[in-house]
Amino acid sequence: MNPQSNSLRVTKTVLFILLVFLSLSGLFGIMFLIDPSGELVEVPHSLLDKLPIDTFILPGLYLLIVYGIGSAFVAYGLRRQLSWAPAAGLTLGLVLIGWIFGQIILWGTPAMLQYIYLTVGIAIFLLSLITIRKQGFLN
């Protein structure tokens, strides 16, 4: 096995693991559908003060659909070696980075969880970009 193909396999494996992690995390959005007030998961309602919404239903749907289902879909595509999967991973990484920066702009000083997901978003973006380059799409 040549070193380039081994390197690509490792890159895709790490990317797959991060996508599965993000997908499982995104399923957390269900909690906001069960209890739109956020009390069930001890999220302060004051986080909604700067938003034009009264409940956590929309953020919960976003987490569930984009990160829960979307990440699982991209992970599936990556595992099946579908040509669109790395580009979808690139997009998902950018969306996650934007989501976290939006939270930081709204609420100020980031919490540890935001640093973690910002790192995950950057890693997904970079690993997807590396995968695209190694597969010869950006030569």
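## Fold at a glance

Helices (H or I, at least four residues) and strands (E, at least two) are DSSP runs, numbered from the N terminus. By that rule, the protein chain reads α-α-α-α-α along its sequence. The secondary structure comes to five helices and zero strands.

This is a predicted model, in which local features need pLDDT of at least 70 and side-chain atom pairs count only at pLDDT 80 or more, while totals for chains, interfaces and linings use all residues. Residues are numbered from 1 along each chain as its sequence is written, and side-chain values use heavy atoms, with hydrogens and water left out.

## Overall dimensions and packing

Taken along the principal axes, the C-alpha atoms of the protein chain fill a box of roughly 55 × 30 × 20 Å. The chain has 139 residues, and 35% of them count as buried. Buried means under 20% relative accessible area, exposed over 50%, and partly exposed in between (1.4 Å probe, protein chains only).

A contact means heavy atoms within 4.5 Å. Among contacts with a separation of 6 or more, 67% come from residues 24 or more positions apart. The protein chain exposes about 8200 Å², and carbon and sulfur atoms supply 71% of that area. Accessible areas come from the Shrake-Rupley method with a 1.4 Å probe; for residues, only the protein chains shown count as cover.

## A buried serine

S128 is found in helix 5 (residues 112-134). S128 is buried, with a relative accessible area of 0%. Leaving out residues up to four places away in sequence, S128 touches L15, P86, G89 and L90.

V20, L24, L27, I30, I34 and L40 make a nonpolar surface patch of about 520 Å². Helix 1 (3-26) and helix 2 (29-34) are the elements that give two or more residues to the patch. Patches are made of residues with over 30% relative accessible area and no salt bridge: like charges are joined within 9 Å, nonpolar side chains (Val, Leu, Ile, Met, Phe, Trp, Tyr) within 5 Å. A salt bridge is a side-chain nitrogen of Lys or Arg within 4 Å of a carboxyl oxygen of Asp or Glu.

L24 belongs to helix 1. L24 is exposed, at 58% relative accessible area.

## Aromatic pairs

The structure holds seven aromatic pairs. One of them is Y62 and W99, stacked at 4.1 Å centre to centre with 15° between the planes. Y62 sits in helix 3 and W99 in helix 4, 37 residues apart, and the pair links distant parts of the chain. Y62 is partly exposed at 23%, and W99 is partly exposed at 26%. F73 and W84 also form a stacked pair: 4.9 Å centre to centre, 15° between the planes. F73 lies in helix 3 and W84 in the loop between helix 3 and helix 4, so this pair ties together parts eleven residues apart in sequence.

Rings of Phe, Tyr and Trp (its six-membered ring) pair if their centres lie within 6.5 Å; planes under 30 degrees apart count as stacked, over 60 as edge-to-face and the rest as tilted. F28, F32 and F56 form one aromatic cluster.

## Two loop residues with positive phi

Most residues other than glycine have a negative phi. E42 has a positive phi, near 55°. E42 lies in the loop between helix 2 and helix 3 (57-79) and is exposed, at 73%. Q81 also has a positive phi, near 60°. Q81 is found in the loop between helix 3 and helix 4 (85-107) and is exposed, at 62%.
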